[in-house]
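Take a walk through the pockets and helix packing of the model below. Keep the viewer open as you read.

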Amino acid sequence: MNRKNLQGLAKIRLNEAKTLLDNGLYDGIYYLCGYAVECALKACIAKNVKQYDFPDKKVVNDSHTHVVSTLVKVAGLTIELEKQSQLNDDFKLNWQVVRDWSEVSRYKRNSQLEAEDIYSAITHRKNGIMQWIKKYW
């Protein structure tokens with residue numbers, strides 16, 4: 001898996017979520033949206049990996065998680081996230097929706113509101129989490 005593959009998967013997962021949203025199938029939207037963010041953040045991590053460098057074991061181990069707040073840290077984006085959150089209340093609210101996503105959501109039923117909230121938090125053109133991540137991937 002490389003950076004380009006991860007970027008592509010992030011886009012695919014969001015397209016799949018949009019298709020489900022358009023068809024009123026809310027349970028899968030929440031799950032797929034979180035995976036889109038996970039893939040996008042892993043693309044940021046991959047961008048930081050230098051060819052022929054021996055990878056740091058902690059970075060490698062910490063990268064193999066589904067916890068988006070951990071992935072932000074591993075990608076070196078914590079300070080940027082804090083800055084953006086301080087400058088933009090709408091972005092901050094969107095991050096609060098996304099940061100609590102978990103891969104175990106695949107076992108959970110999600111309401112229409114939960115699905116719409118996470119999709120909007122990620123895809124909002126100006127204040128969306130994906131728009132912010134794309135600056136760094």
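H1 gives the most to the lining of the second largest pocket, with three residues. Helices here are DSSP runs of H or I with at least four residues, numbered from the N terminus. A pocket is found on a 1 Å grid over the protein atoms alone, as an open set of points where a 1.4 Å probe fits, with protein on both sides within 12 Å along at least five of seven lines; lining residues have an atom within 4 Å of a point. The model is predicted: local features need pLDDT of at least 70, side-chain atom pairs count only at pLDDT 80 or more, and totals for chains, interfaces and linings use all residues. Residues are numbered from 1 along each chain as its sequence is written, and side-chain values use heavy atoms, with hydrogens and water left out.

The second largest pocket holds about 160 Å³ of space. A volume is the space filled by probe spheres set on the points, which are joined across faces, edges and corners. Its lining consists of Ala10, Lys11, Leu14, Ile122, Thr123, His124, Met130, Gln131 and Lys134. H1, helix H7 (112-123) and helix H8 (129-133) each give two or more residues to this lining. By class, four lining residues are nonpolar, three polar and two charged. Nonpolar covers Ala, Val, Leu, Ile, Met, Phe, Trp, Tyr, Cys and Pro; charged covers Asp, Glu, Lys and Arg; the others, Gly among them, are polar.

Now follow H1 to H7. These two helices pack at an angle of about 140 degrees, with their axes 11 Å apart. Axes are lines fitted to C-alpha atoms, for helices over the stretch in contact, and angles run from 0 to 180 degrees between N-to-C directions. The angle makes H1 oblique to H7. Angles under 35 degrees count as roughly parallel, over 145 as roughly antiparallel, 65 to 115 as roughly perpendicular and the rest as oblique. From H1, Leu14, Ala17, Lys18 and Leu21 meet Glu116, Tyr119, Ile122 and Thr123 of H7. Contact means heavy atoms within 4.5 Å. The residues of this contact divide into five nonpolar, one polar and two charged.

How do H1 and H2 pack, and at what angle? Their angle is about 165 degrees, and their axes lie 8 Å apart. H1 and H2 are therefore roughly antiparallel to each other. The residues of their contact comprise 17 nonpolar, two polar and five charged.

Next comes the largest pocket. About 480 Å³ of space lies there. It is lined by 18 residues, and the closest to its centre are Ile45, Ala46, Val49, Val60 and Ser63. Helix H1 (3-22), helix H2 (26-48) and helix H3 (57-63) are the elements that give two or more residues to this lining. H2 gives the most, with four residues. The lining divides into nine nonpolar, four polar and five charged residues.

One more helix pair remains. The axes of helix H5 (residues 78-87) and helix H6 (residues 89-98) come within 5 Å and cross at roughly 125 degrees. H5 and H6 are therefore oblique to each other. Leu81, Gln84, Ser85 and Leu87 of H5 make the contact with Asp89, Phe91, Lys92 and Trp95 of H6. By class, this contact has four nonpolar, two polar and two charged residues.
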